[in-house]
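Please examine the sequence and the model before reading on.

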There are 2 protein chains.
Amino acid sequence: MQKTQKIASIYQKLQQQMCRQLEKGDGKATFLEVPWSKELGSGLTCVMKNGNVIEKAGLNFSHVEGEFTPKMEAILGMKAKRYSATGISSIIHPNNPLIPIIHMNVRFFELDNGTCWFGGGIDLTPHYIHKEEAQWFHQTLFDICNKYDDSFYPKYKAWADDYFYLNHRNETRGVGGIFFDRVQPENDTKLDEFLNFTMDLASAYPNIYYDIMDKKRDLKFTPAQKQWQNIRRGRYVEFNLIHDRGTKFGLESGGNTESILVSMPPLAEWEYDYQPEKGSTEYETQQLLKKGINWLNISK
Amino acid sequence: MQKTQKIASIYQKLQQQMCRQLEKGDGKATFLEVPWSKELGSGLTCVMKNGNVIEKAGLNFSHVEGEFTPKMEAILGMKAKRYSATGISSIIHPNNPLIPIIHMNVRFFELDNGTCWFGGGIDLTPHYIHKEEAQWFHQTLFDICNKYDDSFYPKYKAWADDYFYLNHRNETRGVGGIFFDRVQPENDTKLDEFLNFTMDLASAYPNIYYDIMDKKRDLKFTPAQKQWQNIRRGRYVEFNLIHDRGTKFGLESGGNTESILVSMPPLAEWEYDYQPEKGSTEYETQQLLKKGINWLNISK
């Protein structure tokens, strides 16, 4: 479909710029680029591993088109014959537990009945929450949002709190960020505006991580911190396989499994009823895995 | 409900015997017993870790009763006001990659409209498939099934092939075993018979693992084999969080998260597009992760 076609070619170029910026930030590893094509469409899976800072990262672009199934009709409450979709999706798992996991996704969905919408978000999952970092991260997102619409940040921040949430653990995945889905532009001007917003988010993503890497790359860590990282990574796995809409949609619609699951951490650990010691930094992080925290004004 | 009550007290005793037998087999670690109770019901979570052979095991008993929700009505296609359920569920993750993961579950479900059924199964997930072991395992299940009904093994073996299957990977979880669900006994005699069948399965489970441990406990392994184990454990995580009905039902119905997720391996690894070298033992195992293999007559 036409709009998807146009946006796909923009996202595809953007993917390359993002990869280069992350390579520059890491300073050692480069992305392996794996093009794929299936009946459904095609994409480019970019994977980095064993860098200076980045232990494993995936940065995927895809452009697919297919039958709008009865199941999709039921989920979305709309009727159509075909859909097309394009998006960029990325996750970075650092080696150093003092550096956070980050995730970004922007996507565009179009039906042959004329309906179309954007979805996406960015969120930060620190193994150890540093309030200054969380505040700066949210401020950065706030500034991008406000270039477009004052209502974006409060609305999409609250949405992220709800979405990046592990019900079965009663905890948020990390310090959140912004999330939005099924945002339907009223007209072509609004569509271009929102497209620009998603491009800004995608461009900001490697820059945000560049700054974090730059600041924290030389921080020393202990084996105990590494173990805590693996336990937090276990939670990340739980979120991705139980809740993540992109993962679910991808696996169920017959997407490219290895590209979808490149989001999995390199290693994850599960220990029965693991509880960090009261007052420890791990404990403090756990206490901050809550919805509704105003990170813009968090007291340090 | 009455039937559930009776079966729960039988299963509860059985759990203790199973724990003792596994402790004897491991020879070092003992089960930590954690009783829990929630609004929904209660249970006993038994957890073992860092044994001679067993790195992590969970062996849970639970007995719950609750409202039969519209969602359950939709899934099961039945109307009722309340349900009760009891079961034993266990998974063992060994330290040695040459020793298989094993899983067992028996459960009984009763509605206040009089309907009741059994579900359950046993399956073996070797990190390295040894054909003799798979054959012996299936023969053991075949013999138990045939004590009750000649149709059980072929029916439940095929069911296990279908159930313990990762669609998104096009591979079985391991060498399968038997699986059954919603087996409704026609009358009280049949109910007692099927109850005995599930008790036989539950009793056989620690004995099967006892024999495997006995035979393989001293086998030496390499770091490369340990890495392959972690990759296979990653697949186990994928199955449990994406497909496993017990896990889904448990987490969605507000069950005890730590007890449910005690099934997670201690450690798991994901490497993008990992492919074992052609002709390696890892490759051979991967080639055998297929439905429909007649393990009883597999050529060695």
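Which residue of chain A comes closest to the rotation axis? It is A:Ala268, whose C-alpha lies at 2.6 Å from the axis.

## Basis of the model

The model is predicted; local features need pLDDT of at least 70, side-chain atom pairs count only at pLDDT 80 or more, and totals for chains, interfaces and linings use all residues. Residues are numbered from 1 along each chain as its sequence is written, while chains are lettered from A and ligands numbered from 1 in the order in which they are written.

## Relation of the two chains

Chain A is superposed on chain B by a rotation of 180° with 0.0 Å of shift along the axis, and the RMSD is 0.0 Å. That is the relation of a two-fold axis. The superposition is made by least squares on the C-alpha atoms of residues with pLDDT of at least 70 in both copies.

## The interface

Two residues are in contact if their C-beta atoms, placed from the backbone, lie within 7 Å. By this criterion, 23 residues of chain A are in contact with 23 residues of chain B. On the side of chain A that touches chain B, the elements giving two or more residues are α6 (223-243), α8 (257-260) and β10 (267-269). Of these, α6(A) supplies the largest share, five residues. Helices (H or I, at least four residues) and strands (E, at least two) are DSSP runs, numbered from the N terminus.

By class, this side of chain A has 14 nonpolar, three polar and six charged residues. Here Ala, Val, Leu, Ile, Met, Phe, Trp, Tyr, Cys and Pro count as nonpolar, Asp, Glu, Lys and Arg as charged, and the others, Gly among them, as polar. The copies meet through the same surface, because 100% of the interface residues of chain A are also interface residues in chain B.

Strands also join the chains: β10(A) and β10(B) pair in the antiparallel sense over three bridges. Two strands pair if DSSP finds at least two bridges between them. The bridge partner of A:Glu269 in β10(B) is B:Leu267.

A residue is buried if 20 or more other C-beta atoms lie within 10 Å of its own, exposed if 12 or fewer, and partly exposed in between, with C-beta atoms placed from the backbone. Eight of the ten residues of β6(A) (116-125) are buried, so this strand is largely enclosed by the rest of the structure.

Strand β5(A) (101-111) runs antiparallel to β6(A) and is joined to it by ten bridges; A:His103 has A:Asp123 as its bridge partner. Four residues lie between the strands of this hairpin, where A:Gly114 takes a positive phi near 100°. With β9(A) (176-183), β6(A) pairs in the antiparallel sense over six bridges, and A:Leu124 is partnered by A:Gly176.

The buried residues of α4(A) (152-163) include A:Tyr153, A:Tyr156, A:Lys157 and A:Ala160. What covers the buried residues of this helix includes β6, α3 (131-148) and β9 of chain A.

A nonpolar core is a set of buried Ala, Val, Leu, Ile, Met, Phe, Trp, Tyr and Cys residues joined through C-beta atoms within 7 Å. In the largest such core, of 141 residues, A:Ile178 and B:Ile178 touch the most other members. Not counting residues up to four places away in sequence, the residues that A:Ile178 touches include A:Gly121, A:Ile122, A:Tyr153 and A:Ala160.
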